[in-house]
Amino acid sequence: MTEPEVPPGGGVLPTRPILGGFHPDPTVCRVGDVFYLACSSFEYAPGVPLFRSSDLVSWERVGAVMDRPSQLVLSGAAPSSGVYAPTLRHHDGTFFLVTTNVSDGPGHLLMTATDPAGPWSDPVRIRGADGIDPDLAWDGDGRCLLTWSDGGIRQAVLDPATGELLSRPRPLWSGTGGRDPEAPHLYRVGRWWYLVVAEGGTGPGHAVTVARGPSPEGPFEACPHNPLLTARGTPGPVQNTGHADLVERPDGSWAAVFLGVRPSGSFPGWHVLGRETFAADVAWRDGWPVVIGPVEPGEPPRVRASLGEGKLGHGWVGAGVFPDRVLRWSGDRWRMSPPGDEEVFVGRRQEHTTMTVRAGIDADGGAGALEVRVDPAHRFALEVGGGRVRAVARIGPLTSVLGEAPASADTVLELRVEPSTAPEYSRERGPDVVVAAVRTPQGATELARIDGRYLSTEVAGGFTGRMVGVSCGPGGIGVRFVEYLGGA
């Protein structure tokens with residue numbers, strides 16, 4: 001019995017992410033029976049969230065690689081700047097993570113740890129290598145090879161202890177002709193070295209292609225059935241798939257992790273959760289990798305997450321600032337205030353297609369808000385101050401107050417994300433609806449709702465996704481609680 005043909009672009013792709021919400025540019029390695037995975041984090045701190053798993057399906061967050069200011073400089077970081085795609089590897093008993101902070105150049109940043117939960121070292125800066133998406137690999141002589149994207153795929157020998165390039169950067173491969181060849185990863189499998197890259201840009205043309213050569217320096221020949229993985233031109237619910245990293249399981253089988261988005265609504269569709277992490281099984285046929293089927297969880301359970309009491313839980317991040325710089329526990333609540341005159345935001349990723357977030361905010365001395373946002377110019381907020389709560393939408397240069405109500409000490413702010421109720425084939429059908437309400441002992445009152453397309457990447461632009469959390473300006477606020485409840 002012969003195995004069925006797998007078309008270029010891979011077999012059936014997954015419909016559910018292994019890490020939902022804004023978790024793009026995944027990189028994975030295995031140590032023993034445990035897999036470790038990291039993602040890019042852009043302007044949010046702590047940076048580079050890190051997860052572990054025993055099956056590539058269920059993941060537990062173990063912390064963040066860049067968890068202190070000496071590792072992560074974000075002063076003045078604009079939305080979708082900061083930390084771009086990392087590569088995570090384990091070599092001779094040490095974990096290595098290399099990435100690029102485009103707000104803190106020049107060069108890439110390399111950190112090490114003996115325990116992936118930390119502490120991770122302060123970065124070694126790699127000068128002489130511009131661009132993004134650095135990768136690390138070691139050849140048979142123990143040389144460390146840095147491969148990255150800079151107008152094509154480039155490579156140099158690296159001293160990982162000092163960050164010094166030991167050879168001149170050289171072009172390695174330019175892909176198969178798609179735009180933006182990037183996200184290189186090198187692997188040795190049998191007698192061949194394989195170079196996996198992304199092409200087509202991280203949008204509808206995104207794809208993963210592969211080449212192989214006799215050494216990590218090439219020369220590389222393209223796989224005859226490229227692309228290895230893509231969703232372009234397909235009707236699948238997961239699109240923009242690319243930026244893959246391969247890993248071997250303990251039993252000798254292989255898998256890939258990669259990013260994708262889940263657009264919804266009428267044409268042209270909108271994705272709101274950002275670029276998420278998906279996975280697929282990989283087999284080797286005639287000396288080439290092929291994607292043969294999905295790796296995905298079952299129906300996700302409902303998730304409840306709170307800001308925590310006295311100690312922030314995993315997953316809470318600050319936009320351009322570490323949360324512990326602006327949040328202090330004062331016995332029965334958090335006190336939130338910016339370090340200067342700028343507004344600050346602390347929140348978590350919206351990881352589910354339906355979601356409710358509630359907060360209790362005291363704004364006697366200032367003004368604050370509970371909000372769903374993509375960035376400061378694209379957000380829907382319940383703003384509290386002066387004894388009132390207002391539902392305010394900010395979409396680019398436009399700001400509109402859509403409803404308001406009195407605010408008291410027992411007012412609970414609530415933002416919900418619900419499915420769209422517009423007719424299926426109506427052009428008015430967006431990806432979802434965001435509802436703003438207040439709750440008091442007398443009951444709940446809806447203040448406003450907006451079409452979720454206005455809080456999507458297609459409208460806001462950039463590389464991140466929706467975040468939910470609290471913000472404040474000068475004067476500060478008290479935060480009694482923040483609770484997130486995620487559905488599917």
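The model is predicted, so local features need pLDDT of at least 70 and side-chain atom pairs count only at pLDDT 80 or more, while totals for chains, interfaces and linings use all residues. Residues are numbered from 1 along each chain as its sequence is written, and side-chain values use heavy atoms, with hydrogens and water left out.

How many salt bridges does the structure hold? There are 35, a salt bridge being a side-chain nitrogen of Lys or Arg within 4 Å of a carboxyl oxygen of Asp or Glu.

I begin with Asp362 and Arg333, whose closest N and O atoms are 2.0 Å apart. This pair links distant parts of the chain, 29 residues apart: Asp362 belongs to strand S29 (residues 355-362), and Arg333 to the loop between strand S26 (327-329) and strand S27 (334-336). Strands are DSSP runs (E, at least two residues), numbered from the N terminus. Is Asp362 buried or exposed? Asp362 is buried, because its relative accessible area is 16%, and buried means under 20%, exposed over 50% and partly exposed in between (1.4 Å probe, protein chains only). Arg333, at 25%, is partly exposed.

Next, Arg179 and Asp180 meet in a salt bridge at 2.9 Å, N to O. Arg179 counts as exposed at 57% relative accessibility, whereas Asp180 is partly exposed at 35%.

Finally, Arg388 in strand S32 (residues 388-395) and Glu404 in strand S33 (residues 398-406) are 16 residues apart; their salt bridge has closest N and O atoms 3.3 Å apart.

Note on methods: Helix = DSSP H or I, 4+ residues; strand = E, 2+ residues; numbered from the N terminus.
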